[in-house]
Amino acid sequence: MDDRPFFPLSLRTLAATALGVAEPTTRALTPPIHMATTYIRDADNGYSTGFIYGRQDNLTIHQVEALIAELEHASEAMTFGSGMAAATAVFLSLAPTHVVVPKVMYWGLRQWLRALPRYGHQVTFVDMSDLDAVRSAIVPGRTGLVWIETPSNPLWTITDIEAVCEHAHLAGALVCADSTVPTPVLSRPLDLGCDLVVHSATKYLNGHSDVVAGAVATARVDATWERIREIRFNHGGFLGPFDAYLLLRGLRTLDLRVTTQSHSAALLAERLLRHPAVRAVLYPGLADHPGHAVAARQMTGGFGGMLSIRLGSRAAAIAVAGEVRLWRRATSFGGTESLIEHRASIEGEGSPCPDDLLRLSVGLEDPEDLYRDLLQALRILT
Ligand code: PLP
């Protein structure tokens with residue numbers, strides 16, 4: 001930003017202004033999309049701009065990465081063609097080691113991790129909300145990485161980030177947090193001690209259900225970070241420039257979207273708790289949620305836009321999902337439109353997700369309309 005104020009800017013301002021990037025020739029307020037896949041060499045055979053080839057060099061990508069790094073309080077950030085490409089790059093960057101990962105986490109990554117020994121790593125799945133279990137799973141000198149996802153998808157259990165980092169670091173292990181659900185609006189894992197933070201930018205960071213993207217941000221530029229960069233280059237996991245442009249555009253409203261979605265989710269959770277057909281509401285913002293105190297300490301300004309409800313049976317859950325009119329029956333989350341999903345149907349074998357659970361991704365609609373729609377759908381159970 002040319003005329004950046006002298007005082008520190010809030011996340012909301014940084015995101016809304018996209019760090020103030022402007023196109024230098026015309027001074028266009030909105031940056032153009034750089035589509036070139038190659039760049040001209042200097043007459044002396046050098047590349048004085050530093051831009052060489054499109055699988056690693058692109059200004060639109062650099063712009064969105066600079067913003068994500070700033071929002072996460074990171075040294076640097078790297079974008080990827082998907083959240084899975086970002087997450088798997090972290091595991092693949094390590095020399096063969098032992099990794100400790102959550103039992104409750106994004107199911108696609110969990111399935112991939114079950115086959116992790118194929119890549120030379122040993123893996124232990126653990127209840128990350130149970131600190132004693134985490135402590136006994138970490139083996140000093142042997143464990144190379146602890147993976148956190150909090151709140152965890154789709155049960156929304158909470159991990160104490162600082163406590164896990166303290167223990168992992170004493171044992172010589174790195175800690176990486178998948179922070180897709182809270183986003184930097186509600187949680188900054190690097191400030192709490194994590195070494196790396198990962199996002200499926202497909203979700204809240206982009207926020208409009210029209211880009212598949214991933215990101216990793218790092219506390220420091222070191223050998224691990226350079227190996228992650230190498231993996232992105234060699235495996236070809238680079239994000240397309242058009243998607244990077246859309247992501248930058250989506251990020252401008254991140255704070256407004258996540259704050260609103262989080263308030264609406266809290267309101268719905270409180271009301272659904274009192275509904276006779278709802279057996280349980282899983283939401284860390286509820287006072288009786290087992291992780292509420294930790295979440296209140298480590299999350300700022302809300303508990304997220306995701307919640308789940310349990311309805312007593314698979315048939316009841318699927319029937320209610322079939323009755324909604326405003327909520328959309330679809331997978332994924334973090335967009336402007338509210339989504340409802342019978343999670344067990346997609347998670348498949350070995351999932352800790354109960355059969356009677358519906359996952360709700362709260363969008364930007366009026367929460368009163370969302371509640372009314374759920375009420376009319378739940379009527380079939382009362
Ligand atoms: N992490 C979390 C928490 C997710 O929910 C997802 C996808 O649903 C991913 C990572 C993977 O991201 P992507 O679908 O962008 O590859």
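Trainee: How many disulfides does a search of the whole structure find?
Mentor: It finds 0 disulfides. Keep in mind that this is a predicted model.
Trainee: What is the nearest cysteine sulfur to Cys165?
Mentor: That of Cys194, 3.8 Å away. Cys165 is in no disulfide.
Trainee: And why does Cys194 not count as being in a disulfide?
Mentor: The cut-off is 2.5 Å between the sulfur atoms.
Trainee: What is a disulfide, in general?
Mentor: A covalent bond between the sulfur atoms of two cysteines.
Trainee: Is Cys165 buried or exposed?
Mentor: Cys165 is buried, at 3% relative accessible area. Cys194 is buried too, with 2% relative accessibility.

Trainee: New topic, aromatics. How many aromatic pairs are there?
Mentor: The count is 6 aromatic pairs. One of them joins Tyr106 and Trp107.
Trainee: What kind of pair do Tyr106 and Trp107 form?
Mentor: An edge-to-face one. The centres are 6.4 Å apart, with 65° between the planes.
Trainee: Why does that angle make it edge-to-face?
Mentor: Planes over 60 degrees apart count as edge-to-face, and this pair has 65°, so it gets that label.
Trainee: How accessible is Tyr106?
Mentor: Tyr106 is partly exposed, at 31% relative accessibility. Trp107 is also partly exposed, and its relative accessible area is 23%.
Trainee: Which residues form an aromatic cluster?
Mentor: Phe91, Trp112, Tyr119 and Trp147 form one.
Trainee: What about charges over rings? Where does the charged end of Arg232 sit?
Mentor: Over the ring of Phe80, 5.9 Å from the ring centre. Arg271 lies over the face of Tyr371, with 4.9 Å to the ring centre.

Trainee: Which residues are closest to its centre?
Mentor: Met84, Tyr106, Ser200, Lys203 and Phe333. They are among the 24 residues that line the largest pocket.
Trainee: Staying with helix 4, where is Gln111?
Mentor: Gln111 is in helix 4. Gln111 is partly exposed, with 30% relative accessible area.
Trainee: How far is Gln111 from Ser313?
Mentor: In sequence, 202 residues. In space, 25 Å, C-alpha to C-alpha.

Trainee: Which residues line the largest cavity?
Mentor: Leu174, Asp195, Leu196, Thr218, Arg220, Asp222 and Thr224. By class, the lining has 2 nonpolar, 2 polar and 3 charged residues.

Trainee: Where do cis bonds turn up here?
Mentor: One runs from Thr150 to Pro151, with omega near -10°. Another runs from Asn153 to Pro154, with omega near 5°.
Trainee: Where is Pro151?
Mentor: In the loop between strand 4 (143-149) and helix 6 (161-170). Pro154 is in the loop between strand 4 and helix 6 as well.
Trainee: And what phi does Asn45 have?
Mentor: A positive one, about 80°, although Asn45 is not a glycine. Asn45 sits in the loop between helix 1 (11-17) and helix 2 (59-71).
Trainee: Buried or exposed, Asn45?
Mentor: Asn45 is exposed, at 51% relative accessible area.
Trainee: What about Ser209, what is its phi?
Mentor: Positive, about 55°, and Ser209 is not a glycine either. Ser209 is in the loop between strand 6 and strand 7 (214-218). At 56% relative accessibility, Ser209 is exposed.

Notes: Residues numbered from 1 in each chain as written. Predicted model: local features only at pLDDT ≥ 70, side-chain atom pairs only at ≥ 80, totals over all residues. Heavy atoms only, no water. 1 Å grid on protein atoms, 1.4 Å probe; cavity = no way out; pocket = protein on both sides within 12 Å on 5 of 7 lines; lining within 4 Å. Nonpolar A, V, L, I, M, F, W, Y, C, P; charged D, E, K, R; others polar. Buried < 20%, exposed > 50% of the residue type's maximum accessible area, 1.4 Å probe, protein only. Phe/Tyr/Trp six-rings, centres within 6.5 Å; stacked < 30°, edge-to-face > 60°. Lys NZ or Arg CZ within 6 Å of the ring centre and 35° of its normal. Helix = DSSP H or I, 4+ residues; strand = E, 2+ residues; numbered from the N terminus.
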